[in-house]
Amino acid sequence: MGGCVSTSSRSTCSSRSNGDPVSPACLGRGCCGQKRSKRTFSDHVVTLHNLPSIPNRVFMNGKSRSSCIFTQQGRKGINQDAMIVWEDFMSEDVTFCGVFDGHGPHGHLVARKVRDALPIKLLSFLLSNQSKQHGSGRTCFKGNMKKSDGTDTEKDGSAEDQLTSLWREAYMKSYKAMDKELKSHPNLDCFCSGSTAVTMVKQGSNLFMGYIGDSRAIMGSKDNNDSLVAIQLSVDLKPDLPRESERIKRCKGRVFALQDEPEVPRVWLPFDDAPGLAMARAFGDFCLKEYGVISVPEFFHRTLTERDQFIVLASDGVWDVLSNEEVVEIVSSAPTRSSAARILVDSAAREWKLKYPTSKMDDCAVVCLFLDGKMDSESDYEEQGFSSATLQSNHSGNANESDDGQKSEPSLQRNFTVRSSDENDTYSRVLSADDEGNGETIAAEDQNWSGLEGVTRVNSLVQLPRFSEERPNP
């Protein structure tokens, strides 16, 4: 996502936490009291401090047993996108995936904070519910519920409804807790910075999703003719959607597009033409939380079938230049599954240059999850140029996490968040300094955010509010 006009105006709003500890529901046992053959991370207390020790958690360019992920920095400064795949999330058949697109002066830090903390909060609420169910003798979480004939059908339907209800509640509570943590964080200013989130949990044949903002999820599935088609799983939550616009206006916020970008509706304060947020829901962005912008996720449940092939989560840097159908075609035609995410990002980079040669390319982040759980051999993976180190689980504070350089290789409807103008390819020098809260990098205090310089691409925010207070130097 884009940045703001400058970083000179800051407020003191934001949440620091080391992550909510996760207490195991049935320590050393399965959901319904049966002994597990293998221990999983639901058997341990999980906090942000011990993320480095978690296996099967990938958040840098690379792959897992059933997925590949890739991100590339655009031409507007530091990469503000983040992504994650966490396999064996609750048990061996559960996988968590997410893409987070930051915006504003500290958007990269917000996105990474959400990437690390939100899954833990979701896990905490799920295990808390599971513990309550176990104590009351009720049915616990099930990974794969199949309908049967006879009287069991009604019971199975009731169990599935109950499972969906529990996941919905967990998503709602975890998103609310995440935004609350950001608001009270002492070292992360989220007043005019925020992030989207599109998150998904695959549990057996069940798919549960929660999302805010305009990052998108689609699925490649075979139709009755065995042709691969694109199915959009999420909705880009733009301010001009009727329900979103009505809520914002009820809260005294304003929704309108600038004259020179009529296709991009934005959210504005009632008393100031700022900040001009190009989405209706987001984490952070507390200057607009009283005026209709919310962090309540849209929740979605789908039962997967054998026709469903793969799922793609991506930030709007991809959707700005590639249609759903083009994305499905690119992923399905990749020479190896482990290269699919990289090839998709390369294709988006190519399309940016072809379609918008005078615009600065946005950051891109992609997660490709293959639903049959199969990936390429390690030798195929090595041929794609990924280091085996990417298979390691790394904490977000690791100094090895960096923004990927610009690359472009061949490839192939925008979602109307891009406009063209004279390109300004002069990069502002981005200085890095360690943030004591989580070890992430942050632009120096005197560094102007390069996202809006030259206004070469429609950004998530247009301008900081005039009442935003200056934060004193530490």
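A: Start with one residue pair in this predicted model. Ala-314 has Val-366 of E17 as its bridge partner. The pairing around them joins strand E16 (residues 308-314) to strand E17 (residues 364-370). The two strands run antiparallel, over five bridges.

Helix H6 (residues 340-355) packs on the sheet. Helix H6 touches E16 and E17, and also strand E3 (67-72). The directions of H6 and E3 make an angle of about 30°.

Now the whole sheet. It is open, with six strands in the order E2-E3-E17-E16-E9-E10 and antiparallel pairing. Strand E2 (62-63) and strand E10 (228-232) form the edges. Each has a single partner strand, so one side of each lacks a neighbour in the sheet.

The side chain of Asp-81 reaches the backbone nitrogen of Cys-364 at 3.4 Å. A polar atom of that Asp-81 side chain also lies 3.4 Å from the backbone nitrogen of Ala-365. Asp-81 itself sits in strand E4 (residues 81-87).

Asp-81 is buried, yet has no salt bridge. The nearest side chain of opposite charge belongs to Lys-76, 8.1 Å away. A salt bridge here needs a nitrogen to carboxyl oxygen distance within 4 Å.

Note on methods. Residues are numbered from 1 along each chain as its sequence is written. This is a predicted model: local features need pLDDT of at least 70, side-chain atom pairs count only at pLDDT 80 or more; totals for chains, interfaces and linings use all residues. Side-chain values use heavy atoms; hydrogens and water are left out. Helices (H or I, at least four residues) and strands (E, at least two) are DSSP runs, numbered from the N terminus. Buried means under 20% relative accessible area, exposed over 50%, partly exposed in between (1.4 Å probe, protein chains only). Lys and Arg count as positive and Asp and Glu as negative; His and the chain ends are not counted. A polar contact is a pair of N or O atoms within 3.5 Å; within protein, one must be able to donate a hydrogen and the other to accept it, and residues adjacent in sequence count only if both atoms are side-chain atoms. Two strands pair if DSSP finds at least two bridges between them. Contact means heavy atoms within 4.5 Å. Axes are lines fitted to C-alpha atoms, for helices over the stretch in contact, and angles run from 0 to 180 degrees between N-to-C directions.
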